[in-house]
Amino acid sequence: MKELIRLTAGLAFVMLYSCANPGSKKEGTMAKDSTSTTSTPTAEGDFKYQADQFGDLRVLRYQVPGFTALTPKQKELVYYLYEAALCGRDIHWDQNYKYNLTVRKTLENIINTYKGDKNSEDYQKFLVYAKRVFFSNGIHHHYSSDKMFPECSDTYFTSLIQQSDASGFPVHKGETTVQFASRVVPIIFDPKVAPKKVNLDPKSDMVQTSAVNFYEGVTQDEVQKFYAAMTDKNSKTPVMTGLNSKLIKENGKLVEKKWMVGGMYTQAIEKMVYWLEKASNVAEDDAQKDALDKLAKFYKTGDLKDFDDYNIAWVKDINSTIDVVNGYIEVYNDPMGFKGSFESSVSIKDLEASKRIKTIGDNAQWFEDNSPLKPEHKKKNVKGITAKVITIAVESGDAAPSTPIGINLPNNEWIREQHGSKSVNLGNIVESYERAAGGGVINEFYFNDEIRDRVKKLAPYADKLHTDMHEVIGHASGQINKGVGQPASTLKNYASTLEEGRADLVALYYLMDQKMVDIGVMKSLDYGKAAYDEYITKGLMVQLSRLKPGHNLEEAHMRNRQLIAAWAFEKGKKDNVIEKKTADGKTYFVVNDYVKLRALFGDLLREIQRIKSEGDYQAGHDLVENYGVIVDPVLHKEVLERYEKLHLAPYMGFIQPVLTPVMDGDKMTDVKIEFPTDFVDQMLYYGKKYALLPVEN
């Protein structure tokens with residue numbers, strides 16, 4: 001589970017074989033077309049955090065403090081894990097939509113070989129579309145799931161194809177360029193073709209109306225019955241059924257196509273395994289080596305029991321400086337909540353910054369014992385929460401370019417209960433967001449100087465505490481009743497929203513608790529007040545800047561924020577806990593009573609935990625649909641008009657650092673790190689070096 005970018009006070013929105021074996025040159029370099037703009041800053045002030053802005057997106061950069069201080073062996077380990085991460089990149093592209101790789105290769109070829117005027121207005125519109133597709137890992141918006149469209153015409157797009165190198169397009173056998181254009185143009189321009197990546201409308205067949213490439217030729221009812229028959233409700237150690245496969249119908253029968261060596265995506269997975277096995281040979285200790293070996297085994301067997309074995313070993317790997325997330329992790333992109341999207345993050349432990357989050361983790365049992373949950377839903381013995389702040393070295397798949405700011409894994413409930421979990425705060429990612437901040441949001445959406453000053457001064461640190469508490473305590477808290485299945489089966493399409501809301505509520509509840517001051521992670525409860533100010537304003541107003549007019553909320557994190565804020569606003573009306581105010585024609589939501597708001601957060605937390613513990617689908621449905629989905633069109637219009645004046649793109653993501661091995665014959669002696677500045681250059685380079693899969697899978 002991950003915490004996505006949250007809206008912070010000062011930010012616009014805060015809330016790998018070529019894959020070739022390393023060469024024998026003294027110091028390898030990337031191809032010229034991939035490093036036309038790279039930089040290695042010599043001083044903090046030299047580093048430019050924002051690289052590009054287009055559409056509703058900003059592209060940022062991040063530094064990797066601590067990398068140069070690693071030993072040569074540790075750098076070698078990071079490099080192998082970096083390659084493994086990038087080799088799996090195209091899996092996520094293909095998971096998002098069956099024809100994403102076709103579209104991407106088309107865009108890449110046009111950018112690389114188009115012979116016409118690249119300075120024209122139409123070409124610049126095409127280029128913005130290409131960058132949006134690159135950013136979202138496909139033709140659907142990474143957050144809203146809506147299909148994105150070029151602002152240039154389909155006629156112009158066809159002319160781009162006609163004036164580019166025909167040999168570079170992913171044509172079918174015997175297909176002419178004209179035929180190819182007639183096939184690919186509707187994929188891009190026709191609003192009836194794959195309009196939604198993930199459709200969560202319970203009134204529709206969510207499988208057949210979602211464009212994700214997790215199912216083919218099957219209905220929602222067939223999926224539910226297929227996996228219900230596979231699930232052993234009496235098992236004390238159930239696997240996450242369906243996590244690593246595509247479900248299709250062959251000769252009238254449902255068949256899983258597993259993502260494994262020898263199965264679907266084998267071309268990329270074989271390369272990942274190659275690099276993971278290289279990494280195992282330079283592991284920091286036996287625990288890390290055991291985890292890496294078990295991960296490679298899982299990719300070879302496709303057996304989800306092997307994935308559980310890997311996760312248990314990974315949780316036990318607590319002493320290494322280098323860490324990696326690699327696998328089919330989050331199920332947000334599956335409307336049924338079974339299929340895991342590929343992602344990978346390679347990181348370095350920040351020893352000094354980890355002291356704060358470790359203190360929180362060390363008090364996990366106190367937080368559990370003193371939570372507002374029903375006694376039967378509390379864990380009697382909170383197991384092995386490992387908490388740390390990490391420095392990201394590279395991210396790929398579902399974690400890039402848009403990235404979480406906090407992660408808590410593994411996701412399998414019984415492993416978390418019996419073996420514990422790892423919770424991390426992505427320190428250098430948060431730092432980059434803060435450095436690229438735009439401060440206009442605070443002045444525009446917060447009611448008075450007192451609130452604005454508090455949010456400006458205290459919310460940035462309060463946000464870090466919120467992330468720590470969300471990941472370390474929130475996701476690790478509570479337990480499911482015996483005999484109740486995994487949330488993906490019981491709560492279905494509402495599981496992700498409710499889980500993220502549950503973790504947010506744990507954080508919110510304790511940010512106004514004196515315990516946070518007593519253990520030394522917070523100076524005063526004013527930080528909690530700033531967090532409450534921000535969460536209510538964000539959940540009821542500012543996040544609406546991400547939506548198009550007339551749209552309701554679809555993404556799980558956005559739904560959970562509005563659910564919490566709207567529920568608290570309604571339930572607190574009698575006591576005027578949150579007040580809706582108007583000044584100079586502008587709407588504001590103001591917290592009048594922080595103590596009572598905390599009590600409301602506790603009430604909602606108790607109810608959502610009950611829903612999860614008991615598998616109460618109907619209650620979960622009612623909470624999400626009544627509070628987390630519908631948008632007030634009048635308020636939405638106002639928010640869009642006010643936000644537009646700030647000239648800030650509401651979504652952000654990152655260009656990744658480049659690691660290059662320094663070789664002495666077959667021996668790696670060092671690894672150099674560079675920080676590219678051109679987003680398109682990096683996307684074209686990735687598309688050339690890591691294009692390991694067929695264009696249709």
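Asp670 and Lys672 pair up in a salt bridge, with their closest N and O atoms 3.5 Å apart; the term covers a side-chain nitrogen of Lys or Arg within 4 Å of a carboxyl oxygen of Asp or Glu. Lys672 is partly exposed, at 37% relative accessibility (buried is under 20% relative accessible area, exposed over 50%, partly exposed in between, with a 1.4 Å probe and protein chains only).

Keep in mind that this is a predicted model, where local features need pLDDT of at least 70 and side-chain atom pairs count only at pLDDT 80 or more, while totals for chains, interfaces and linings use all residues. Residues are numbered from 1 along each chain as its sequence is written, and side-chain values use heavy atoms, leaving out hydrogens and water.

Now look at Glu499 and Lys612, whose side chains form a salt bridge at 2.9 Å, N to O. This pair ties together distant parts of the chain, 113 residues apart: Glu499 sits in helix α18 (residues 495-510) and Lys612 in helix α22 (residues 594-614). Helices here are DSSP runs of H or I with at least four residues, strands are E runs of at least two, and both are numbered from the N terminus. Glu499 is buried at 8% relative accessible area, and Lys612 is buried too, at 5%.

Glu175 and Arg183 make another salt bridge, their closest N and O atoms 2.9 Å apart, and both residues are buried. Over by Arg89, salt bridges form a network that also takes in Asp90, Arg104 and Glu108. The structure holds 48 salt bridges.

Zooming out, the chain has 25 helices and 17 strands, and 62% of its 697 residues are buried.
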